[in-house]
Amino acid sequence: MGSTENGYHLPADAVWFITGCSQGIGRALCELVLAKGHRLAATARNPTTGLSYLSEESTPSSRLLKLPLDVTTRSSIDAALDATVAHFGRIDVIVNNAGMFIYGNTESADEADGRALFETNYWGPLHIMRRGVAIMRDVNPKSSSCDGAQGGVILNVTSVGGRVAFAGCAFYDASKVGLESSTECFAQELKPEWNIHLSCIQPGAVSTGFIAGRKRVDEHPAYSGYEGSLQTIDKYFDDPKAPENWNTAEGMAEGIYKTVSSGKEILRRVPLGPDAWGTLMADHERNGKELQASKELAMKVGNAEGAANLSNLVK
């Protein structure tokens with residue numbers, strides 16, 4: 001198994017390495033991967049409690065490895081990846097799913113909390129992605145399984161907030177924008193013959209404990225009594241009926257699996273959920289109007305030939 005001219009073919013006994021597996025999308029994806037017959041390295045801060053739903057009695061160690069992982073600590077990341085390679089001999093799919101959410105007034109948010117969020121949502125996945133590329137390029141061809149196929153897929157679970165800004169989400173959205181940009185930059189650097197595919201999964205709202213478990217920033221007194229975008233979103237999050245219309249973790253897991261297993265080209269960005277696609281399309285149209293509105297000024301302050309040259313640098 002390996003690459004085609006435009007796509008990726010998932011090996012039948014592929015090795016998956018997934019972060020944030022204790023609940024939500026991560027848990028649903030772990031259960032699906034095992035049901036499909038693949039091999040799995042599932043990770044959590046505390047695998048004894050967080051991964052207790054994965055039975056080592058019903059799933060042999062040749063197919064399941066449960067590992068502790070703190071994505072904010074580089075030594076923990078390296079240890080988990082090294083243990084996976086030592087156990088299975090390779091890694092075919094990496095899903096960076098672990099994340100945290102801070103929500104509230106940007107003005108009153110604690111900077112230390114914001115930096116901690118970036119360690120989880122940006123720096124951790126970035127280090128895993130960098131190590132993952134090296135493993136897929138240099139280690140996988142030496143493996144005795146999967147016909148020693150080179151390459152693999154790295155999926156970074158970002159958010160609609162990786163492209164669209166929401167009030168109250170300044171730190172969270174910035175971390176996702178950063179990860180999406182780094183993913184796309186890195187993807188443009190890779191040699192095609194390595195057969196390594198990088199992509200961002202952009203879920204819409206999902207009925208898991210992620211939003212309910214968000215860290216709420218105390219309201220800045222200057223905004224007291226104001227009913228703006230932040231307050232509208234806050235009421236939406238707190239509405240007990242809202243999750244009834246949200247996507248399910250199982251649906252997101254199916255979407256992630258199909259992204260990797262379809263044999264088709266793996267897109268750089270993959271929105272999952274009607275709300276995700278609709279929000280991104282509306283933002284795309286809004287950005288198009290703003291570009292047209294700014295065109296006259298933009299074209300007066302530079303060289304048109306230089307613009308063409310710059311656009312040609314983007315793959």
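Colleague: Which residues does glycine 89 touch, not counting those up to four places away in sequence?
Modeller: This is a predicted model, where local features need pLDDT of at least 70, side-chain atom pairs count only at pLDDT 80 or more, and totals for chains, interfaces and linings use all residues. Residues are numbered from 1 along each chain as its sequence is written, and side-chain values use heavy atoms, with hydrogens and water left out. A contact means heavy atoms within 4.5 Å. With neighbours up to four places away set aside, glycine 89 touches Thr84, Val139 and Ser143.

Colleague: Where in the chain is glycine 89 placed?
Modeller: Helices (H or I, at least four residues) and strands (E, at least two) are DSSP runs, numbered from the N terminus. Glycine 89 sits in the loop between α3 (74-88) and β4 (93-96).

Colleague: Is glycine 89 buried, exposed or partly exposed?
Modeller: Buried means under 20% relative accessible area, exposed over 50%, and partly exposed in between, with a 1.4 Å probe and protein chains only. The relative accessible area of glycine 89 is 26%, so this residue is partly exposed.

Colleague: What separates the C-alpha atoms of glycine 89 and isoleucine 135?
Modeller: Along the chain, the two residues are 46 residues apart.

Colleague: Happy to zoom out now! How many helices and strands are in the protein, and what is its radius of gyration?
Modeller: The protein has 10 helices and nine strands. For 315 residues the globule rule gives 20 Å, and the protein's value is close to that, so it is as compact as a globular protein of that length. The radius is taken over C-alpha atoms, and the rule is 2.2 Å times the number of residues to the power 0.38. The radius of gyration is 21 Å.
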